[in-house]
Amino acid sequence: MNNKILSLVVATMLTTGALSAKEVKGDLHVNVSQVEVFKDTNVGYGLGYGYRVIYNSGIYLGGSLDFIASEGKKDALTSKKTLYAYGTNIKLGYVPIKNLAVYGIGSAMLQSIGSLGGAGFGYGGGVEYMFNENFALSAEYITHKMTLEGSLDYDYDIAGVNLKYTF
């Protein structure tokens, strides 16, 4: 019975246009961020590819593939101070007013710290302002729970700004 009700709700939304896409965009973006790992705060720089779909109902759905590099302090754990991170994000939110989106983020991250590798999952939030058809600016914060080489758990936090060229 519940499946029939859910099917009826989805069919109603589709026929009324609530789930029809008003805007579908891809983007290339550059990122400047504050990165914190092992209680060491650094500046990170990144590149990425993303997409967003805005539905007639105002629902925002997006995602991205990102690369971030940052310089960290050399310590006993790492023989090299450059940190590299590769991540993917899923974004779900709402457009409360024209050109402004607010969303939550689910994230998965792979990271290399010197010769060691880490992996983990995270969550966060963001806001995006669309200046026009081709440019947008977003600010995001994501915290990750990472595991390094299967033995050491640590947090990896990113607070950043993305400048996006959309197409």
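Biologist: Which strand gives the most to the lining of the largest pocket?

Modeller: Strands here are DSSP runs of E with at least two residues, numbered from the N terminus. E1 gives the most, with three residues. A pocket is an open set of points on a 1 Å grid over the protein atoms alone, where a 1.4 Å probe fits, with protein on both sides within 12 Å along at least five of seven lines; lining residues have an atom within 4 Å of a point. This is a predicted model: local features need pLDDT of at least 70, side-chain atom pairs count only at pLDDT 80 or more, and totals for chains, interfaces and linings use all residues. Residues are numbered from 1 along each chain as its sequence is written, and side-chain values use heavy atoms, leaving out hydrogens and water.

Biologist: How many residues line the largest pocket, and which lie nearest its centre?

Modeller: There are 13, and Glu 23, Ile 54, Lys 98, Asn 99 and Met 130 lie nearest the centre. Strands E1 (21-37), E2 (40-55) and E4 (82-97) each give two or more residues to this lining.

Biologist: In what sense do E3 and E4 pair?

Modeller: Antiparallel, over 13 bridges, with E3 covering residues 59-71. Asp 66 stands opposite Gly 87 in E4.

How values were computed:
Helix = DSSP H or I, 4+ residues; strand = E, 2+ residues; numbered from the N terminus. Pairing = 2+ DSSP bridges.
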